Amino acid sequence: MTIKMKYRNLFILSVLGLFLAAGCVPQRKYQDMVDKHEDCKEQNKQLMVENEDIKTALQETKSEMENYQKRLQSLQEDTAVLATTKRRLKQNYNELYASYEQLKKNREEELSNSKEESARILADLQQTQENILKQRDSLKRLEKRLKEKEENLEEMSQELAISKKSMQEKQRKLNELQNILDRKDSVVTALKNKVNSALRGFEGEGLSIEERNGKVYVSMEEKLLFASGSYNISKQGKDALKELGNLLAKNEDINIMVEGHTDSVPYGGKGQLKDNWDLSVKRATTVVRELIKDQNIDEERLIAAGRSKYVPIATNETSEGRAKNRRTEIILTPKLDELFNIIEMN
């Protein structure tokens with residue numbers, strides 16, 4: 001499997017993860033997302049199976065073509081040898097026939113000279129006739145074998161042409177899928193550059209942006225968005241989310257997933273939140289609402305999810321590590337409608 005194909009498969013699997021992570025959404029939308037998740041899992045499985053089948057069939061076709069070419073070369077060599085043998089036998093036949101005619105003529109001239117000579121000449125004539133008949137039979141057999149070889153050669157050529165056509169069609173499908181994935185990669189890179197430009201003013205404030213698994217991850221540490229243990233967004237956090245929301249409103253072909261993360265320290269606050277699960281989910285939904293505030297963003301593009309303490313990016317044994325783990329990740333993914341349409345057509 002090539003690096004690009006591994007990259008593509010990781011990308012498709014990660015897209016499916018978007019649907020698994022659906023957290024605090026209305027029941028009807030949650031069910032829709034579950035249905036889409038199951039559809040995507042099935043489509044992904046079919047794509048992987050089809051991709052492996054196409055690769056296996058392509059390898060088998062290549063092996064068959066190599067065998068056909070070897071057999072074709074062998075037939076061509078046999079045909080050349082048989083043609084040479086045919087020409088040699090025909091020449092021998094002509095020479096024997098000429099010798100026969102000469103002997104026949106000599107017999108007629110010398111028949112009266114000696115009975116013994118006549119008998120010898122007759123025997124030579126009979127032997128010559130037998131040799132001619134043998135040569136003629138051999139020549140007929142050779143012509144028959146040559147005809148069979150030519151027919152096999154023609155059949156092999158036709159099979160080879162069919163195999164080439166089949167391989168070209170399979171390669172065309174693979175190239176079509178690869179072109180879509182390449183276009184998706186270029187869209188992700190362009191999106192990352194746009195996000196970098198939009199949030200340039202928040203560098204060094206607990207913000208990081210990276211491209212991973214065919215998606216753009218915008219990670220904001222707790223200090224940029226929230227006070228400790230709170231889910232109320234700070235002014236600086238609102239400014240950052242406003243800039244990001246402006247960008248996302250202009251790029252309608254991007255799906256948005258917001259994930260809240262905490263460290264391993266148990267939540268010690270009071271009120272309606274009970275633990276880190278509640279805190280991570282509440283922070284995610286708060287960020288979602290801030291993103292769509294005063295922005296023309298289709299709410300169906302967004303998913304809010306809480307991951308609690310279970311996806312750390314650093315150790316929870318140090319204060320610096322725990323600070324990195326207390327983060328909110330906004331995951332941006334290009335829509336895959338075109339890719340799914342091609343999968344369905346094939």
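The entries below go from the whole chain down to single residues.

**Ground rules**

I am working on a predicted model, where local features need pLDDT of at least 70 and side-chain atom pairs count only at pLDDT 80 or more, while totals for chains, interfaces and linings use all residues. Residues are numbered from 1 along each chain as its sequence is written, and side-chain values use heavy atoms, with hydrogens and water left out.

**Whole chain**

I counted elements to begin with: the protein has eight helices and five strands. Helices here are DSSP runs of H or I with at least four residues, strands are runs of E with at least two, and both are numbered from the N terminus. Read from the N terminus, the order is α-α-α-β-β-α-α-β-α-β-α-β-α.

Next I looked at burial. Of the 346 residues, 38% are buried; buried means under 20% relative accessible area, exposed means over 50%, and partly exposed is in between (1.4 Å probe, protein chains only). The accessible surface comes to about 20600 Å², and carbon and sulfur atoms hold 48% of that. These areas come from the Shrake-Rupley method with a 1.4 Å probe, and for residues only the protein chains shown count as cover.

I also checked the contacts, meaning heavy atoms within 4.5 Å. Among those between residues at least 6 apart in sequence, 73% join residues at least 24 apart.

**Strand 3, helix 6, strand 4**

Which hand does the unit made by strand 3, helix 6 and strand 4 have? This β-α-β unit is right-handed: with the strands pointing away from the viewer, the path from the first strand over the helix to the second runs clockwise. Strand 3 (residues 254-260) pairs with strand 4 in the parallel sense over five bridges, where pairing takes at least two DSSP bridges between two strands. One bridge I looked up joins methionine 257 to isoleucine 303 in strand 4.

Strand 4 covers residues 302-306, and five of its five residues are buried. In a regular strand the side chains alternate between the two faces of the sheet. Here Leu302, Ala304 and Gly306 point one way, Ile303 and Ala305 the other, and all are buried.

**Helix 6 up close**

Helix 6 runs over residues 276-292. Its 17 residues reach 25 Å from first C-alpha to last, close to the 24 Å expected at 1.5 Å a residue; the expected span is 1.5 Å times one less than the number of residues. I found 12 of the 17 buried, including Leu279, Val281, Ala284, Val287, Val288 and Leu291. The buried residues pack against helix 4 (222-225), helix 5 (235-250), strand 3, strand 4 and strand 5 (327-334).

At the start of helix 6, a side-chain oxygen of aspartate 275 comes to within 3.1 Å of the backbone nitrogen of tryptophan 277. Aspartate 278, in helix 6, has a side chain that reaches the backbone nitrogen of lysine 274 at 2.9 Å. Both are polar contacts, meaning N or O atoms within 3.5 Å; within protein, one must be able to donate a hydrogen and the other to accept it, and residues adjacent in sequence count only if both atoms are side-chain atoms.

Is aspartate 278 buried, exposed or partly exposed? Aspartate 278 is partly exposed, because its relative accessible area is 29%. Aspartate 278 touches Gln272 and Leu273, leaving out residues up to four places away in sequence. I also noted glycine 306, which is 28 residues from aspartate 278 in sequence and 7.6 Å away in space, C-alpha to C-alpha.

Most residues other than glycine have a negative phi. Aspartate 294 sits in the loop between helix 6 and strand 4 and counts as exposed because its relative accessibility is 73%.

Serine 308 also has a positive phi, about 55 degrees. Serine 308 is in the loop between strand 4 and helix 7 (319-325), and at a relative accessible area of 4% serine 308 is buried.

**Last look: serine 219**

Serine 219 lies in strand 2 (residues 215-221) and is buried at 10% relative accessible area. Beyond its neighbours within four places in sequence, serine 219 is in contact with Gly206, Leu207, Ser208, Arg327, Thr328 and Glu329.
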